[in-house]
Each structure stands twice: as structure tokens, then as C-alpha cells.
Amino acid sequence: MKKIAFMLLISFMLVGCSKANQKETDTTTPTDTTVDEPTASPTETPKPTEAVREEIIPADPFDSEGRALATFGTPNVDGTIDDIWQAAGTIVPEIISSPNVAATGEFKVLWDDNALYSLFIVTDPELNKASSNTYEQDSVEVFLDEMNDKASSYQSDDVHYRVNYDNEASTDAGDSKRFYTATTSLKDESGKVIGYIVEASLSWTNTPANDTVMGFDLQINDAGQTGSRLGTVNIFDRTGTAWSNPSSMGEIILRGKDIDSVTEASPYMLQAYIKHAEGFNPEGYVNSEILTTTIMEAKDILEKPGATQKDFDDVLEKLRDAVSKLDDGSGFPNVEQLAASETLPDPFTFFNGDSVNNAEDWKKRAKEISNLYQYYMYGVMPDPSGETVTYEANDNNLKITVEANGKKISYNAMFSVPDKSKVKMPEGGYPVIMAFGWLTQTAYANDNGYAVITLDTSQIAADNTSRTGVFYELYPYGDVWQKQTGTLMAWSWGFSKIIDALENGAGSELGISPNNTILTGVSRWGKATAVAGAFDKRIRITAPSCSGAGGMAAFRYKSEGKTYDYSSIGIATPHVMTANEPLSSLQSSGERQWFNDKFLQFKDVNTMPFDQHLLAALTAEEDRYMFITGSYLYEDWTNPPSMWLTYLAAREVFEFLGLDKNIAIHIHKEGHMVTDEDMVYLIDFANHHFYGKKVKSDLNDLTTTLYAEPANYDPIYDKYMK
């Protein structure tokens, strides 16, 4: 490691020659390491000078307490290395997650009143960005906990950014418009690329002072030949969990600002915002000219000689104002214009403040809620009127073919039906349990008179940000909200087309009823189950399992840190709830594909115009049912007390419509799955409601949980239980 550090230090000193020492016609530095032209447009470059500069003595990389040390200074973030970087200590990261990692590097950190600046010099023999998962590309990451409160999940002050060697940035947590980057190739004397250089500016939310300590880490991601990540190299995090747990970060201390220190004008937040604004498709807005003219004005300011910080800040505010006034024809306000409320949105109050007074009003309110979810979160469910659905059934395979928009796609589902010699088929066919992925209890279901259809969702939409799969072949992901459908909605569409096929003849042919349908799925497919039930009225029982945030867990209720008495299920010691999945996790590079782009703009769950009780309430109709399942143990991430709150709040709507028996909840002891116990209750619940059968299960069990017990009771339940 000492040898690597020495070689990289020599590399840094060589590439660190100032632009000011080069002739304007030079394209490379006359050393054994060269850099390409930067991939970001540089701000005005200082004119070459022959003046002899003072020797710069670099700071230590760490202070006496092992914290990374950021030195006061303002670099020019353009992908080339300015002299000012010589003032920063050289950090050689030594935490390597795998012996397969080939990448090495050096980091430097500066700060001023505007931003935290990071320099990465990465040596990597092979660069690859083939993966649609940005964290698996050759890239670097910046982690920052500005308040240094060491929360176990990402909060509003915690950010996590990434940029690959080709200057393609991504955000896992935080406002992407705070992060500005530039990259350059690192070459040896023969011109061979041996790595890359990254300069990054992360704007502060509040101007810090000397000796401010923050949570911090920097990381290199090393991709292999196949495009998958070989591993990581970082400074502090030995657990590999800083992406979800800010307390895994190390610390940085800000030093070096004195009374004579001057912060230079910084254009980087403006440049980042211009890039953001240029991402809007003018065709998606009825008044796009207000944005295009302001972008031009902002670019003019960047080119203005001697532009001040006030110049940059003033035009930035104008640009923000223009974005806020864009009208996309939806009739809904921009995310940043939504008012915050810590209480669950009232299902009986329209978005405009009018009241829901009767069942007819509720139908209109339900339509509004559906539109809100499609606009702000899950994306648009395509209009089926333009689709033609056919099928082929062979052995246990059901091939679905859909034609739309002049294109044709096909995908497969697996099915099994009860043995007719053992279980008599009801009139109209066997009821069917449809499951995302698989169903462990298929044999049990068949033996009890239920057909089973399972769907491999990877055919429909890849579970990554590539927006590939048969759904996106028909409905490509676009840059206007009407053409943005997340994978949860896409997967839901996949089962809707299966129901179409059952209605179009497959049901009669296979002996499966298209009218007595149950849909279930676990985890992310539990979320998709909840979405499907909300948007396809033909699904009679919607049974999301362990769905958590984005599914049946209320965003506004955190159980993290609360203590629960689980003695009635055999747990003698009090259970202290660990981290619940936060909004930032859903917006991260590993999960953001589930939603549309609009959802990524939310920074505070309290500004959402809905919460998940409203998604559940969209199933509140005659002869339709909601059946929520979850787990008490090892499922803190899914926030089971919050799913209980969703049940209670949604039940209000069912009761309002006289359907209080149509919603159920069952939280099993443990297991991120549909358990055998869940399945027994589910089939008994279905038999009772589909056929009026007497069942062995006590269906009253499906109206309560341990969170209703006095030891676990939260006063927030009062509204729904008293």
C-alpha cells in the first residue's frame, strides 16, 4: 500500500501542474501522465503567467482524531487540477471490499463558504459503464451528513452522490442540483488511458465555520469486464452500509479559514441547475418559453467577465422561479409547491378542499387519488382501449401477446389448476391466486380448489433503471410525465393483461374464473400488488405482503426507535424497532426505477398529497377486498406498525361505504414471505366472501394486531379506534 501511495502521489504531482504553466496550444502536459480535455465546460480560466508562485505546503490528510481534514480553498471545477489542490492533504483510501478490486486512488478535499470540493485521482486498468445500475459502473461517490447526527437511515441533511468516469452523475439521496462535477481521462506517457480524474462541488445548505465536523466518506466503485461491480474502495466505511446508514460514515473537519480568507464567486450551483433545467422537454409544457429564455440569460451570466456571486445567485433564483411556473397541463402543482402536513391526508377532502359527502362523491375522490398517484409517484397506467390481447396455452404455460402502438410483444406466465377428479370446479371456473414471482403454497392452493398463475416480472420490466422489458417496448419511458411509468405500475400491467386473456377465452379453456381473482406478492412485488389492486378493478382480493414503504406502510409514521411488547408471540424481551425504510432509499439508484421521475423530487414525505391508506382505499368497492400481510420480527425495515396505521385509516373509507368487512390485516410472527399461516387465512377469507362458505379460521383475527394492545398502543390510533 505504501508503494501504491507513493506512485499515486508522483502521479498527482505530475498531473497537478497548473494550466497556467502550459502554453495555450498545448494539449497534454509534458510528463509521463497526461489528462484529456475536461468533460464539463470550464468557467473562465486564469490567463497564463510566468510569475513564480510561493511553495504550497499541503495540509495533513487527517487530524489527530482520525477525521479527514478539509482545507479552505476554492478550486476551478473543470476536470483539470489547479495549484490550490496542493494545499489539501492526500488521502489514500485503504478499505477495500474485495480482493478482486483493481482500482486504486487518491482523494483530496477543500471547502469554502459555498461548497465542499472533492478531487479523485483513480487508477483503473479497465473502465466500464455498461451496467444500468449506476453503482456498478466505474465511478466515485460522495457521502455527507451535514448535521453529523449519525442517523441510522437517511434524513434531510444526508446526501449521497455518484459520478462515473464519463461525467454522468446520479443521486441516491439529496438534491441533485447541489452536485456539480467534471471528469478527465488519466493517461500514461504513451497516451493509454489508465484511469480518470473527478472534481466535484457539493453546495452547502448552510454556510459552515472553521472546525465544523460532519459525517463524511468518499468511495471508488470498480466495475469488471462484465459490467458488474467487483467491489469498492473507501476511507471509513468498513460495513459497506453507508449507502443506507449514514452512521457508517466517518467524519471530516473543516479547517484553514482565517480572517483574510476570501471565497471566490462560485458558478457551480447555477451550472448544475442549468443542466437540470435543460432536461425539461419543452414539448411537455404549454409555457416552455419562460424557461428557455431564462436558461439563455443564465448562460450569458456565466460568460460575463467578472461576474459576482450575486450575479450567479440572482439568475439562479430567476431560473428556479421559471421552473416553478412551468405548466405541464396536469392541473397539479409542482412538488416544491405542495404544502407540508404531518397528518395523514383526509380521504374525504378533495384536493381543492371540497368535502366528500356520499358514495358518489367518493367515486370522484377515488378518481382524483388515482390521478395523484399516477402523476406524483407510480406513473401512468396505459389506456387499454388501444391494446389487443391474445393468448396461447400449452402444458402449464400461458403465452400472452399484446399489440399496441403498431408493435407486438409476448411474455409467458405459468399456471396450475386443481385436479378435477379431487376438487369439483365451481360454475365459471376455479378461483385463481395470481402471484408475482412464485407461490410456495401452490399445491395447497390447488388442493383447496384454487388455480395459481405466476409471473416472472423480469420479462415485463427489468428491475433496474434501464427501462427495458416488453412493457417499455410498447410504452417507452419518456421525458414528459404522461410517458413515464415506473416498474411497479409496469409489473401491474403485466397481470392486467393476464386477466384480459382470461376474459378473452383463456379462462374458459383452462377452467379458471376471471371473476374470482386474488393477487399477491412479497416485498417489491408486494408494492406492485398494492398498485395493481388500486388500478385494476377486476382484482377482487388484493393481498400485498411485507410491502413496506411505497406499498402499505404509511410514509408519515416512523416506528424506528419505539419499543414494542411482543411477549404474546413468545418474545420475552422488549423489541426496539430499528430503521424503517426512508424515502431516500426508494429514491436511490437501486429502487428509483419503481417510480416515475416526479416522485424523485420529493424531499419531505409530509409534502406528499397522499399517503398509503389512500392507495388501499382505492380497492374499497362492492365485492372487492384488501388483505394486508406483514411480519413482526426481522421486518423493521418494512415498518409493520405503519402498515397497521394504513389499515386503520383505509378502513375508514370501507366503513363509509358500508364495506367494513372488506378489509383485513394479518401480521405473522416472522418471515419476509407469504407464510403458510397467511395462505390459510387468505383462502378462508376468499371462500367466505366469494362463496359464502363457513370456514375454520376466525376471521375476526383479521381485524387486529399486537399494535392494538395497551403496551403497544399509540395515541395516533385514537382517531380510528375510539
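Which residues does the UniProt annotation "domain: Carbohydrate-binding" cover? According to that unreviewed entry, residues 77-256.

## Basis of the model

This is a predicted model: local features need pLDDT of at least 70, side-chain atom pairs count only at pLDDT 80 or more, and totals for chains, interfaces and linings use all residues. Residues are numbered from 1 along each chain as its sequence is written, and side-chain values use heavy atoms, with hydrogens and water left out.

Over residues 77-256 the chain is 0% helix and 46% strand. The end C-alpha atoms of this stretch are 20 Å apart. Helices (H or I, at least four residues) and strands (E, at least two) are DSSP runs, numbered from the N terminus.

UniProt also lists "domain: 4-O-methyl-glucuronoyl methylesterase-like" at residues 400-658, again from an unreviewed entry. Here the chain is 29% helix and 22% strand. Its end C-alpha atoms are 37 Å apart. UniProt positions are given in the numbering used here, feature names are shortened, and annotations may be inferred rather than shown by experiment.

Strand E10 spans residues 193-203. Of its 11 residues, 9 are buried, so the strand is largely enclosed by the rest of the structure. Buried means under 20% relative accessible area, exposed over 50%, and partly exposed in between (1.4 Å probe, protein chains only).

E10 pairs with strand E5 (residues 115-123) through 9 bridges, running antiparallel. Two strands pair if DSSP finds at least two bridges between them. Alanine 115 has serine 203 in E10 as its bridge partner. Strand E9 (residues 179-188) also pairs with E10, antiparallel and over 9 bridges. There, alanine 182 stands opposite glutamate 199. The hairpin of E9 and E10 has 4 residues between the strands. Glycine 191 takes a positive phi in this hairpin, near 95 degrees.

## Alanine 543

Alanine 543 lies in strand E20 (residues 541-545). Its relative accessible area is 2%, so alanine 543 counts as buried. Beyond its neighbours within four places in sequence, alanine 543 is in contact (heavy atoms within 4.5 Å) with Leu519, Thr520, Gly521, Thr529, Phe627 and Leu682. Lysine 527 is 16 residues away along the chain, and the two C-alpha atoms are separated by 10.0 Å.

## Helix H12

Helix H12 covers residues 640-656. Its 17 residues reach 25 Å from first C-alpha to last, close to the expected 24 Å. The expected span is 1.5 Å times one less than the number of residues. H12 is mostly covered, with 14 of its 17 residues buried. Glycine 658 follows H12 and has a positive phi, near 75 degrees.
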